[in-house]
Amino acid sequence: MNSRTNLPITPTLTTRLPAVGTTVFTRMSTLAAQAGAVNLGQGFPDFGCERSLLSAVNDAMLADFNQYPMMSGAPVLRQAIVAKIGALYGHQYNVDSEITVTAGATQALTTAIFCCVHPGDEVIVIEPVYDSYVPAITLAGGVPVPVEMEVGENGYTVPWAKVASAVNSKTRLIVINTPHNPTSTVLRAADMQALCDIVRGTDVLILSDEVYEHMVYDGHRHESVSRYPELAARAFVVSSFGKTYHVTGWKVGYVAAPAPLMAEFRKVHQYNVFSVNTPMQHGLASYMADPKPYLELPAFYQRKRDLFRDGLKKSRFELLPADGTYFQCVRYDKISTQTEAEFAEWLTTEIKVAAIPVSAFYQQGKESGIVRFCFAKNDETLALALERLGKV
């Protein structure tokens with residue numbers, strides 16, 4: 001007790017994440033709300049899911065699927081996941097030992113890192129990198145090793161020769177993300193072959209973040225790690241029902257991995273969240289009986305992408321390719337010399353359209369003069385944003 005004030009004192013806590021503050025998504029969304037801006041920053045839809053999905057979840061609740069499910073996930077949902085992966089990518093995972101339902105993709109990614117990264121292990125991440133990867137690696141005691149994507153007139157590419165150079169005896173894991181947030185880059189077959197060449201003959205594992213798997217445009221296919229037996233044999237593959245079915249707030253995802261890897265994953269998972277919302281699992285399983293919603297998703301979002309890109313062509317922004325995800329990156333060097341964070345704040349407060357600075361996706365805050373917009377919005381929302389951006 002403090003003798004002068006007689007008030008309790010909170011002990012000092014040494015942070016385990018000294019470099020981490022409030023995420024850029026929270027900051028920009030808060031600023032957007034304060035400024036009354038159209039929020040094209042944080043990546044979530046402003047429209048709802050199909051009513052039949054809600055009915056399926058409601059039916060599951062009324063059928064009393066309201067108690068703990070199996071730790072690995074409701075069998076009916078795991079069976080639906082196995083069937084989908086097999087139909088799309090030709091890889092047959094074991095429903096009992098190789099699929100786990102998770103509390104969203106971020107929990108899947110974090111748990112995968114925790115189960116395989118030991119103190120001192122190196123983990124290669126491709127920058128710009130989604131913001132949850134590096135803190136999870138740090139908490140596990142691992143060492144993040146960034147390899148920067150190269151960006152030119154044709155957008156972002158992964159320099160695989162530099163990835164190969166970063167691999168050494170301490171490398172435990174390579175984290176990839178396709179389609180890629182924030183750059184909208186989609187890895188092609190040649191990229192996957194390059195990755196095969198890098199890991200062949202090593203004990204390096206792969207963590208493949210594929211939450212935007214159903215958002216690949218212009219007739220291209222998603223090159224899941226599951227398509228490549230050489231990669232699938234050493235990979236955790238993560239996806240998200242929230243992204244696919246417009247229900248990001250449900251926080252339900254899954255991970256697929258070979259049985260030996262999954263056994264270690266579940267050791268962490270069972271003491272982290274243990275299990276995931278039961279009625280939503282049963283509702284999703286029922287809804288997945290019809291593949292149409294995810295098979296038609298590329299066309300759904302490509303129309304929005306094209307609408308947004310056509311509108312931006314009338315502005316001074318320079319469009320970078322957007323081959324996947326629901327994000328659009330733009331250069332703004334013809335508009336401003338501000339840093340990316342300054343420009344994003346100016347857009348939000350003065351133009352009333354929120355964006356995310358791509359510099360936030362680098363550990364050292366690399367400046368490229370690029371910001372990211374999210375076009376997963378109603379047409380009316382996009383039209384209002386384009387009207388304002390056209391005046392910049």
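A pocket, on a 1 Å grid over the protein atoms alone, is an open set of points with protein on both sides within 12 Å along at least five of seven lines, and a lining residue has an atom within 4 Å of a point. Grid points are joined across faces, edges and corners, and a volume is the space filled by probe spheres set on the points.

Before you click: this is a predicted model, where local features need pLDDT of at least 70 and side-chain atom pairs count only at pLDDT 80 or more, while totals for chains, interfaces and linings use all residues. Numbering runs from 1 along each chain as its sequence is written, and side-chain values use heavy atoms, with hydrogens and water left out.

**Stop 1: the largest pocket.** Its space comes to about 780 Å³. Select Ala19, Val20, Asp131, Ala360 and Tyr362, the closest to its centre among the 28 lining residues. Two or more lining residues come from each of α1, α5 (133–139) and α14.

**Stop 2: helix α1.** Select residues 24–35: 12 residues, reaching 16 Å from first C-alpha to last, close to the 16 Å expected at 1.5 Å a residue. (The expected span is 1.5 Å times one less than the number of residues.) Now color Val24, Phe25, Met28, Ser29, Leu31, Ala32 and Ala35, which are buried. They cover an arc of only 160° around the axis, so they sit on the same side of α1. (Buried means under 20% relative accessible area, exposed over 50% and partly exposed in between, with a 1.4 Å probe and protein chains only; the arc is that of the directions from the helix axis to the C-beta atoms.) On the other side, Ala33 and Gln34 are exposed. Elements covering the buried residues of α1 include α14 (340–351), β14 (356–357) and β15 (370–374).

**Stop 3: Pro357.** This one is in strand β14. Buried or exposed? Pro357 is buried, at a relative accessible area of 4%. Leaving out residues up to four places away in sequence, Pro357 touches Val24, Glu340, Ala341, Ala344, Ile370 and Val371. (Contact means heavy atoms within 4.5 Å.)

**Stop 4: Arg331.** Jump to strand β12 (residues 327–331), where Arg331 lies. Arg331 counts as buried because its relative accessibility is 18%. With residues up to four places away again set aside, the contacts of Arg331 include Phe317, Glu318 and Ile370.

**Stop 5: helix α10.** Select residues 259–269 and highlight the buried Leu261, Met262, Phe265, Arg266 and His269. Look down the axis: these residues fall within an arc of 135°, so they line one face of the helix. They pack against β2 (99–102), α4 (105–116), β8 (205–209), β9 (235–240) and β10 (253–256).

**Last stop: the largest cavity.** A cavity is a set of grid points where a 1.4 Å probe fits but cannot get out. How many of 30 Å³ or more are there? The count is two. The largest has a volume of about 90 Å³. Of its 14 lining residues, select Ile126, Val158, Ile176, Asn177 and His180, the closest to its centre. Strand β7 (residues 171–177) gives the most to this lining, with three residues.

Methods:
Helices (H or I, at least four residues) and strands (E, at least two) are DSSP runs, numbered from the N terminus.
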